[in-house]
Amino acid sequence: MTSTTSKPIDWDAIASELAGIEIISDRTQLTKLSLDYYHFSPVLQQQLADKRGDLVVRPANEAEVLRVAAVCVKYQVPLTVRGAGTGNYGQCIPLQGGIILDTTRMQSIRWIKPGLACVEPGVKLSAFDKQAREMGWELRMAPSTYRTATIGGFIGGGSGGIGSITYGQLRDRGNLHAVRVVTLEDEPRVLELRGDEVQKVNHAYGTNGIITELEIPLAPAYAWAEIIVVFDDFMKAARFGETLAHSDGLMKKLISIHAWPIPSYFIALKNYLPEGKHCALLMIAESCLEPFQDLVREYGGQVTYQKSAQEASKGTSLVEFTWNHTTLHARSADPSLTYLQTFFFTLERVEHLYHHFGDEVLMHLEFLRANGQVIPGGLQVVRYTTEERLNEIIHYHEEKGAFIANPHTYILEDGGMKTVNVEQLKFKEQVDPYGLLNPGKMRAWLER
């Protein structure tokens, strides 16, 4: 069965059926709520710039989500779910118009217990952490957009972030306990997925269910000091990062390594980033700072900035210069820059690629755990010339054994997965038989 969206849609009838639910039809707002940070990619800029929804709905609860789902099925209208829209590759951009379901009003924190919490999808990560910290807990991981991003959006479109050095990625078993999802069947239902079943909708861009509630595990909240260490040599900085990543006795949340000239893009930090030096932006538990200093000395680093957890909680956090915020700062300085997302696996590979591409691909490492192993990942900053050259750079990385999660595609499987997820496809066939959920993003569905 396929959607029959080619016939004219009676938007007035739809609006009257949704009476009582917040609806937005103002063109300026529609444009804003149809887009994300897709413009980080010059390839996606061309493909997605003109994509818009026809109507935004902001349900306040699961019952209203069920009403929206029923109306979409009745009128055969595409439905795209969004949180705060902080994604980078069009995860929440509607390719075929229709209704945008904005979850930001669904922001109830149902409960927080030791090590576990239950929330609605529109809860902001920063707001949640504030409440959890009062009980001595925090989110295991968060993107650099954590001030504005929502928990549902992070699960639907994210993969890892600050905290991944300890807890791996969202897809790792145990990093998402349960979800409630609304289906787009003739009679929409609410399903609860628990344990491994959550992978059916984890990082699926909302293509196979509308998440209305999540159970997420928590981490013990440490007092995180924020530190900048600078180095004369990039590989020295990288080896320092790797040794810190493997130092299990030192509690850390962030190990972000930047080759010069990337530090020159961090205008707010310029007093701590000397010309020509490579830097490490770090979050270390305050209780570990003494043995940490010995590691800095061992690698010839120099601490130029250090804030206690209390000081770091005011003003701008170092978090907002790491992960994809690095790309944001670089592009503010030079809009022609773009980026890659890479698993290097070894520092030998990092060193080869660092020297091979020189100034064309600027090295930015984020250390994380993947399948239980510490690895250097990368969000390199790329001087963009043409799409052909970008593809050559990607292919060279892959030939050398690096894995690229391509941020220049909005197709689910072509980004990080590289394979069709049969479980996600089967689930979509069951819960979205007309293919109305975020159409055009799932290759498996398009090629059935």
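This section describes strand pairing, nonpolar cores and a helix pair in a predicted model.

Strand β2 (residues 55-58) pairs with two other strands. With strand β1 (residues 22-24), β2 runs antiparallel and is joined by 3 bridges; within this pairing, Ile-23 has Val-57 as its bridge partner in β2.

The largest nonpolar core comprises 67 residues, of which Phe-234, Phe-240, Leu-282, Phe-292 and Leu-365 touch the most other members. Helix α8 (residues 234-246) gives the most to this core, contributing 7 residues. A second, separate core holds 28 residues, among them Ala-142, Leu-176, Leu-218 and Val-431. When residues up to four places away in sequence are not counted, the contacts of Leu-282 include Phe-240 and Leu-244, as well as Phe-292, Ile-227, Val-229, Leu-254, Ile-255 and Leu-318. Leu-282 also touches Glu-226 and Ser-256.

Helix α8 packs against helix α9 (residues 289-298) with the axes 10 Å apart and at an angle of about 150 degrees. Since angles over 145 degrees count as roughly antiparallel, the two helices are therefore roughly antiparallel to each other. The crossing of α8 past α9 is right-handed. At the contact, Phe-240, Thr-243 and Leu-244 of α8 meet Phe-292, Leu-295 and Val-296 of α9.

How values were computed. Residues numbered from 1 in each chain as written. Predicted model: local features only at pLDDT ≥ 70, side-chain atom pairs only at ≥ 80, totals over all residues. Heavy atoms only, no water. Pairing = 2+ DSSP bridges. Helix = DSSP H or I, 4+ residues; strand = E, 2+ residues; numbered from the N terminus. Core = buried A, V, L, I, M, F, W, Y, C linked by side-chain atoms within 4.5 Å. Buried < 20%, exposed > 50% of the residue type's maximum accessible area, 1.4 Å probe, protein only. Contact = heavy atoms within 4.5 Å. Axes fitted to C-alpha atoms, helices over the stretch in contact; angles between N-to-C directions. Parallel < 35°, antiparallel > 145°, perpendicular 65-115°, else oblique. Left-handed = near helix turned anticlockwise from the far one by under 90°.
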